[in-house]
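Here is a friendly briefing to read alongside the model. Take a look at the sequence and structure first, and then we will go through the topics together.

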Amino acid sequence: AFRPLEVPGISQGAFEVPTGGFSLGGAMYVTLFTGHPDETRSVLARSDDGGATFELLHEVSAGRLRTISPVRHGDGVFLFGSGEYRASDPYLAFVPDDGVGDPASITFFAGLAGGEPAWSPDEADAVALFEQPCLGEVSASWNPVLGRWLLLYNCGDPRGINLRSAPD
């Protein structure tokens, strides 16, 4: 039988949904979009009992990463996302495995410096991965067979589901 995901203290009304998840150290983590329509934001929740119950860990963003698609890769979790629904460019953040659950461990992609990614603990320093101010329904993944990052998202121009890929 269907059992909705419930996180104490987080509303899950119309348009308020889980946006992704990952496992780490025997725990299940879920990102959720909540606060619709006035105070949208993303939050992180954790389950230690196989998803039977969840606890709210913290807010991730009420700014550039309100909708998150988390991807666990290497020694951490990449957080691909967007801000205002279908009116935002894509943004990226990273949290090391040992910092998951600690909002102070999140760093935001702040551009390239000498051809290498620059990261900042301040979300205000985040820069868009590329210009496409219409993202909605973001889904990211690392495909080891292709050796590429894949980003799918809904957009109005061009209309429909768009795909971007990159080796790094």
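The structure holds four salt bridges, each one a side-chain nitrogen of Lys or Arg within 4 Å of a carboxyl oxygen of Asp or Glu. Please keep in mind that this is a predicted model, in which local features need pLDDT of at least 70, side-chain atom pairs count only at pLDDT 80 or more, and totals for chains, interfaces and linings use all residues. Residues are numbered from 1 along each chain as its sequence is written, and side-chain values use heavy atoms, with hydrogens and water left out.

**Among the salt bridges**

- R41 and E59 pair through their side chains at 3.5 Å, N to O. This pair links distant parts of the chain, with R41 in strand β3 (residues 41-47) and E59 in strand β4, 18 residues apart; strands are DSSP runs of E, at least two residues, numbered from the N terminus.
- R86 and E137 form a salt bridge at 3.0 Å, N to O. R86 sits in the loop between β6 and β7 and E137 in strand β10, so the pair ties together parts that are 51 residues apart in sequence.
- E137 is partly exposed, with a relative accessible area of 41%; buried means under 20%, exposed over 50%, and partly exposed in between (1.4 Å probe, protein chains only).

**The disulfide**

- C134 and C155 form a disulfide with their sulfur atoms 1.7 Å apart, where the cut-off for such a pair of cysteine sulfur atoms is within 2.5 Å.
- C134 lies in the loop between β9 (116-120) and β10 (136-143) and C155 in strand β11 (residues 148-156), so the pair ties together parts that are 21 residues apart in sequence.
- The link of C134 and C155 is left-handed, with -95° about the S-S bond, and both C134 and C155 are buried.

**The largest pocket**

- Of its 17 lining residues, L92, L129, W149, A166 and D168 are the closest to the centre of the largest pocket.
- A pocket is an open set of points on a 1 Å grid over the protein atoms alone, with protein on both sides within 12 Å along at least five of seven lines, and lining residues have an atom within 4 Å of a point.
- At least two lining residues come from each of β6, β8 (107-113), β9, β11 and β12.

Methods. Helices (H or I, at least four residues) and strands (E, at least two) are DSSP runs, numbered from the N terminus. On a 1 Å grid over the protein atoms alone, a cavity is a set of points where a 1.4 Å probe fits but cannot get out, and a pocket is an open set with protein on both sides within 12 Å along at least five of seven lines; lining residues have an atom within 4 Å of a point.
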